Amino acid sequence: MTGEARTLIFKRTANGDDLLVGYVNLAGEICKLRWEEGTVVGRWDADGRIFRRTAHDERELGSFSANGAIHSHGLFEGGELGWVEPDGVVIQGGLILGEEEVGRVEGPHNAPAAAALLLLFLPDDAEEDRRFARR
């Protein structure tokens, strides 16, 4: 990886391991790792918003606060989705969800990285699992 300041995003797997799935960088990009290369899949901004790239534009998925709280604009009917602990542990939980440790982040921008995990990476993985199960 280059010298640019990245915050690494790890997803907790079913067997309890942490799998590196992507990162956020100082330029506000959210990158997914594929074959050890980062592909930009979204962005975050200084106002605490998370956006997903689409074929022709982008869509706002949710937001994060400076204290690490993460809110969704659509998933699970919107609302609180989880938070990041000071040590980088990402917790998914809210009104309709039980609290569960789903990953961790490492680097200078924990809140946007945790928001990317909860708002973008985990829902994408869940959708891919559903498609695979239907085959």
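## The loop between β3 and β4

Glu 36 lies in the loop between β3 and β4, where helices (H or I, at least four residues) and strands (E, at least two) are DSSP runs numbered from the N terminus. The structure is a predicted model, in which local features need pLDDT of at least 70, side-chain atom pairs count only at pLDDT 80 or more, and totals for chains, interfaces and linings use all residues. Residues are numbered from 1 along each chain as its sequence is written, and side-chain values use heavy atoms, with hydrogens and water left out.

Trp 35 also has its place in this loop, between β3 (29-34) and β4 (37-44). Trp 35 is exposed, at a relative accessible area of 79%; buried means under 20% relative accessible area, exposed over 50%, and partly exposed in between (1.4 Å probe, protein chains only). Glu 36 likewise counts as exposed, with 76% relative accessibility. Most residues other than glycine have a negative phi. Trp 35, however, has a positive phi near 50°, and Glu 36 has a positive phi near 65°.

## Lys 11 in strand β1

Strand β1 (residues 6-12) contains Lys 11. With a relative accessible area of 18%, Lys 11 is buried. When neighbours within four places in sequence are set aside, Lys 11 is in contact (heavy atoms within 4.5 Å) with Asp 17, Asp 18, Leu 19, Val 21, Val 102, Gly 103, Leu 117, Leu 122 and Asp 125.

## Gly 98 between β9 and β10

Gly 98 occupies the loop that joins β9 (89-92) to β10 (100-106). Its relative accessibility of 56% places Gly 98 in the exposed class. Not counting residues up to four places away in sequence, Gly 98 touches Gln 92 and Gly 93.

Gly 82 stands 16 residues from Gly 98 along the chain, and the C-alpha atoms of these two glycines are separated by 10.0 Å.

## Aromatic rings and charges

Two arginines are placed over aromatic rings. A charge sits over a ring if NZ of Lys or CZ of Arg is within 6 Å of the ring centre and within 35 degrees of the ring normal. The charged end of Arg 6 sits over the ring of Tyr 23, at 4.0 Å from its centre. The charged end of Arg 43 sits over the ring of Phe 51, 4.0 Å from the centre of that ring.
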